[in-house]
Amino acid sequence: MCGIVGLYLKNPALQPTLGAMFEPMLVEMTDRGPDSAGFAVYRNPVGADETKFTLASDDPAADWPDLDSDMSGGLGGTVRMDVHSDHAVVITDAAPDAAVAWLMEYRPGVRIVGSGRSIEIFKQTGLPKDVARQFNLAGAAGSHAIGHTRMATESAVTTAGSHPFATGLDVCLVHNGSLSNHNRLRRKLERDGIRFQTENDTEVAAGFMTWKLRQGATLEEALEAGFQELDGFFTFCVGTADGFAVTRDPIACKHAVMAETDDWVAMATEYRAIAHLPGADTADIWEPEPHRIYTWGRVQ
Amino acid sequence: MTMGELDLKEIGVRGVNAALHELPDGTNERQWVINNPMGQHAIACGLDAPLNVTVNGHAGFYCAGMNQRAEITIQGHAGVGVAENMMSGTVRVTGNASQSAGATAHGGLLVIDGDASSRCGISMKGIDIVVGGSVGHMSAFMAQSGHLVVCGDAGDALGDSIYEAMLFVRGEVASLGADCIEKEMRPEHLAKLSELLAAAGMDTDPADFKRYGSARQLYNFHIDNVDAY
């Protein structure tokens, strides 16, 4: 099962209402994924010399206090921090690699769930409505968002195993389906320096994309390579700094529907997640074709 | 004759379907509109009366499934498996349809004004399907009987492992599935195609279509294929 949803606002005037429009999309997919939920929101881009990290902790009472001042003291420069429950958004002008190394050494319990200039990723076990409330999704302003509701089939129900999975700066992935060659592919990617936090199949797809993007592939090239290397069923929605992409495996047995108006583009596993959006009644609605990459916004 | 209105938002899918199922045989209340379908699943399923039902908006999965005798119009998009296992009656989708439209259906007429996605008419068993646009891959997979008319193009592996259903395609066929071949269009086929296009209200010239069907090479075991088992 699992449900995936994506919303890209073509009309900038709607940006203050992104979360209010997007939360019901996520919650409507609860039947398909009541185990855990997550979403990526693209908002408040930081300066060109800054990096925004989203961090998650199983022990926020120990990890969050003084993280900003400790990090600033250790790395120099400025560090800004916003705590969102057991997640925190940290913005630093330190070199990204140095920031990651510092976190691994001084906050070893903290997981980096996303990084880039505008992406923020929040995910947690529990019902989608509870996860949305925990991170105040309804109040989020931004340009676009993608989300996932999970019914786990092949690995544990944990926060780390929840979607979205980051695949690079400002890029993340949600997945409906299952991959059958993920163990072999994980071992191959680990030899090439990709780190994994879980036994999850989707994390391997994300790792594969990270690997391709690091080699200089465009997003479309990375997805095209995925058609060759990923064995299994998938509908992917990929969030990027400027939009999102949707693609399905050549068999295309995992559901997907897309809808577009002058104001927005939406994708979902089922149309009912889109039905409440303003103008959905008269939107263009179609099922994305297999083995084809659809993109909106200025995707690489 | 009065027009009955059912608000799905108010009474839910079960309420809508129960209201339509409870109508006594021979009722005069035959005209119904279902408002606020909101993409919910299994709307107007299992009807068995000569009703005229309009779904006023986009429907979710399995809309009009198992239909018998009713005439159902979906004003918009239909999700997966529209009119699946229909027995008789008519279902029309004014927009596009997702995959497996008309799956396993035994009878009746399914008309899709827009495109149908993959696996349209999978395992069809007697239904007639007319698609104004194109159909996706694996359409008419294992189709047993009935007719599939495609006014646009057909995706890969059309009619794979087909039995005796008859396929008519006006545009390009990306590829034919196993044991599906182009066949001669004889006068009786043209007559049937004309009848189906007229029934669907499609203003398309039957002479533009090609006919496809089973080569009947998979029906019996062939000794030359013994190595494949």
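1. Two strands pair if DSSP finds at least two bridges between them. By this rule, strand β13 (residues 257-260) of chain A pairs with β15(A) in the antiparallel sense, over 3 bridges. Within that pairing, Ala259(A) stands opposite Ile285(A) in β15(A). Helices (H or I, at least four residues) and strands (E, at least two) are DSSP runs, numbered from the N terminus.

2. This is a predicted model, in which local features need pLDDT of at least 70, side-chain atom pairs count only at pLDDT 80 or more, and totals for chains, interfaces and linings use all residues. Residues are numbered from 1 along each chain as its sequence is written, while chains are lettered from A and ligands numbered from 1 in the order in which they are written. The scores of the model are ipTM 0.92 and pTM 0.93. For chain B, the mean pLDDT (the predictor's confidence in each residue, from 0 to 100) is 96, and 100% of its residues reach 70 or more.

3. The pairing of β13(A) and β15(A) belongs to an open sheet of 7 strands in chain A, with antiparallel pairing and the order β7-β2-β8-β1-β14-β13-β15. Its edge strands, each pairing on one side only, are β7 (119-125) and β15 (284-286) of chain A. From one strand to the next, the twist averages 10 degrees.

4. Chain A also holds an open sheet of 4 strands, ordered β4-β5-β3-β6 and again antiparallel in its pairing. Here β4 (79-84) and β6 (110-116) of chain A are the edge strands, and the twist averages 20 degrees from one strand to the next. Strand β3 (residues 51-57) of chain A is joined to β6(A) by 6 bridges; one bridge pairs Lys52(A) with Gly116(A) in β6(A).

5. Which strands does helix α3 (residues 67-75) of chain A lie across? This helix lies across β4 and β5 (87-92) of chain A, running at about 155 degrees to β4(A). Helix α4 (residues 96-106) of chain A packs on the sheet as well, touching β3, β5 and β6 of chain A, and its direction makes about 165 degrees with that of β6(A). For such values, axes are lines fitted to C-alpha atoms, for helices over the stretch in contact, and angles run from 0 to 180 degrees between N-to-C directions. Contact requires that the C-beta atoms of two residues, placed from the backbone, lie within 7 Å.

6. Helix α6 (residues 182-191) and helix α7 (residues 201-214) of chain A pack at an angle of about 40 degrees, with their axes 9 Å apart. They are therefore oblique to each other; angles under 35 degrees count as roughly parallel, over 145 as roughly antiparallel, 65 to 115 as roughly perpendicular and the rest as oblique. Residues of α6(A) in this packing include Leu185(A) and Leu189(A), and those of α7(A) include Val204(A) and Trp211(A).

7. In chain B, strand β7 (residues 125-131) has 6 of its 7 residues buried. A residue is buried if 20 or more other C-beta atoms lie within 10 Å of its own, exposed if 12 or fewer, and partly exposed in between. Strand β6 (residues 109-112) of chain B runs parallel to β7(B), joined by 4 bridges, and strand β8 (residues 145-150) of chain B pairs with β7(B) in the parallel sense over 5 bridges. Val130(B) of β7(B) stands opposite Val111(B) and has Val149(B) as its bridge partner in β8(B).
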